[in-house]
Amino acid sequence: MLRHPFFKYSFFILLFIDLIFTTGLILAGINDISLGTLKATTIWFVCFYWLPVWLSAAIILKLRNIKIHYTILELSISVVILTLGMMMTDKILQFTFSEYKSMGAFVIFGGFTWAVPIYFVSRFIEHKKGIAIEKSAKKQAQLETLRYQLNPHFMFNSLNTISAYIHTKPDLADEVLHELADILRYSLDTAQSKSISLQQEIDIINKYFNIEKARFGDRLIVNYDILDSLLTHHIPPLLLQPIVENAIKHNAKQTELIINIKVEKQNDLLKVIISDNGSGFNETVLSQGYGQGVGMKNLQQRVAQLNQGKITLNNKNGAEVLLEMTV
């Protein structure tokens, strides 16, 4: 139970509050800087701030573990234990300092006054953290959904490519089927991976190009401009494949199709530029970022989930896709 984040952070927060309160008393001239003040500060921290708050939290978390979760009950536990803590602090201060005057019935008011804000501030922080966790889980679920949508779409297009020559060139078809099997295995192996190295992504793209080169032959030319030092950076799996697939799909009738893949880094921003010498994007695709197909639309949604993720489409002697993300 002590591994709960509350116990990790509350110790230092409560210590900070205790020190600030003592500093305020010194600045106001009520206390001075002395060993006695240090002793009193320590007693207040251990007997009122630290142990009662931790005891309250432990009881509340124990009740929550057995499905008992009522705000009034939890607040009452906090008030009672902090009041007992203030009573204990009052007694120890009387025993330690002969000149100390008891707080009397004020301990009840003091326990209530401190318990209420501590409890509700803790609830507020807990609530905000819960929202953050929920958003993170939702974001991950969206990414996984998009991944699962993309995989069948990719397999369908690849099998269509293979079917074009499976009867006329069976040996080549067998070779390409092995490439496709490697791609599908890669997809399954990375299903639970949030990121893979750029080198792995390039390797799998090359397998896809091998499938397409069996159909295009020498008409398909691929150029890379990537520094070796960038290949170790990580990106989400199958992030680049839809872009090259889209380039081939929409330029299949090109006499010669050249695809250029360039990767560069500016500070923490990784930029991937994939361009071709094809017909370029139409106005609809340029305006909304994707056409009627599934691949590029899913890609836009996936990139939107990344930290500073952005896709820019341009026409520069063909189509150009600029993909940006932090690494």
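1. Of the 327 residues in the chain, 40% are buried (buried means under 20% relative accessible area, exposed over 50%, and partly exposed in between, with a 1.4 Å probe and protein chains only). The model is predicted: local features need pLDDT of at least 70, side-chain atom pairs count only at pLDDT 80 or more, and totals for chains, interfaces and linings use all residues. Residues are numbered from 1 along each chain as its sequence is written, and side-chain values use heavy atoms, with hydrogens and water left out.

2. The chain has nine helices and seven strands. Both are DSSP runs numbered from the N terminus: helices are H or I with at least four residues, strands are E with at least two. Among the contacts in the chain with a separation of 6 or more, 71% come from residues 24 or more positions apart (contact means heavy atoms within 4.5 Å).

3. Five strands form an open sheet in the order S2-S4-S5-S7-S6, with mixed pairing; two strands pair if DSSP finds at least two bridges between them. Strand S2 (220–226) and strand S6 (310–315) stand at the edges with a single partner strand each, so one side of each has no neighbour in the sheet. On average, neighbouring strands of this sheet are turned by 15 degrees against each other, direction ignored. Axes are lines fitted to C-alpha atoms, for helices over the stretch in contact, and angles run from 0 to 180 degrees between N-to-C directions.

4. How do S2 and S4 run, and how many bridges join them? They run parallel and are joined by seven bridges. Leucine 220 has leucine 257 in S4 as its bridge partner.

5. Strand S4 (residues 257–266) and strand S5 (residues 269–276) run antiparallel, with eight bridges between them. Isoleucine 261 stands opposite isoleucine 274 in S5, and glutamate 264 has lysine 271 in S5 as its bridge partner. The two strands form a hairpin with two residues between them, and asparagine 267 in the turn has a positive phi of about 60 degrees.

6. Helix H7 (residues 241–249) lies across S2, S4, S5 and strand S7 (319–326), at about 155 degrees to S4.

7. The axes of H6 and H7 come within 10 Å and cross at roughly 15 degrees. H6 is therefore roughly parallel to H7 (angles under 35 degrees count as roughly parallel, over 145 as roughly antiparallel, 65 to 115 as roughly perpendicular and the rest as oblique). Residues making the contact include Ile205 and Phe209 of H6 and Val244 and Ile248 of H7. By class, the contact residues of H6 with H7 are six nonpolar, one polar and four charged. Here Ala, Val, Leu, Ile, Met, Phe, Trp, Tyr, Cys and Pro count as nonpolar, Asp, Glu, Lys and Arg as charged, and the others, Gly among them, as polar.

8. The axes of helix H5 (residues 170–189) and H6 come within 9 Å and cross at roughly 155 degrees, which means that H5 is roughly antiparallel to H6. Among the contact residues are Leu172, Val176 and Ile183 of H5, and Ile204, Ile211 and Ala214 of H6. The contact of H5 with H6 has nine nonpolar, two polar and four charged residues.

9. Is serine 287 buried or exposed? Serine 287 is exposed, with a relative accessible area of 64%, and lies in helix H8 (residues 283–288). Serine 287 and leucine 313 are 26 residues apart in sequence and 8.8 Å apart in space, C-alpha to C-alpha.
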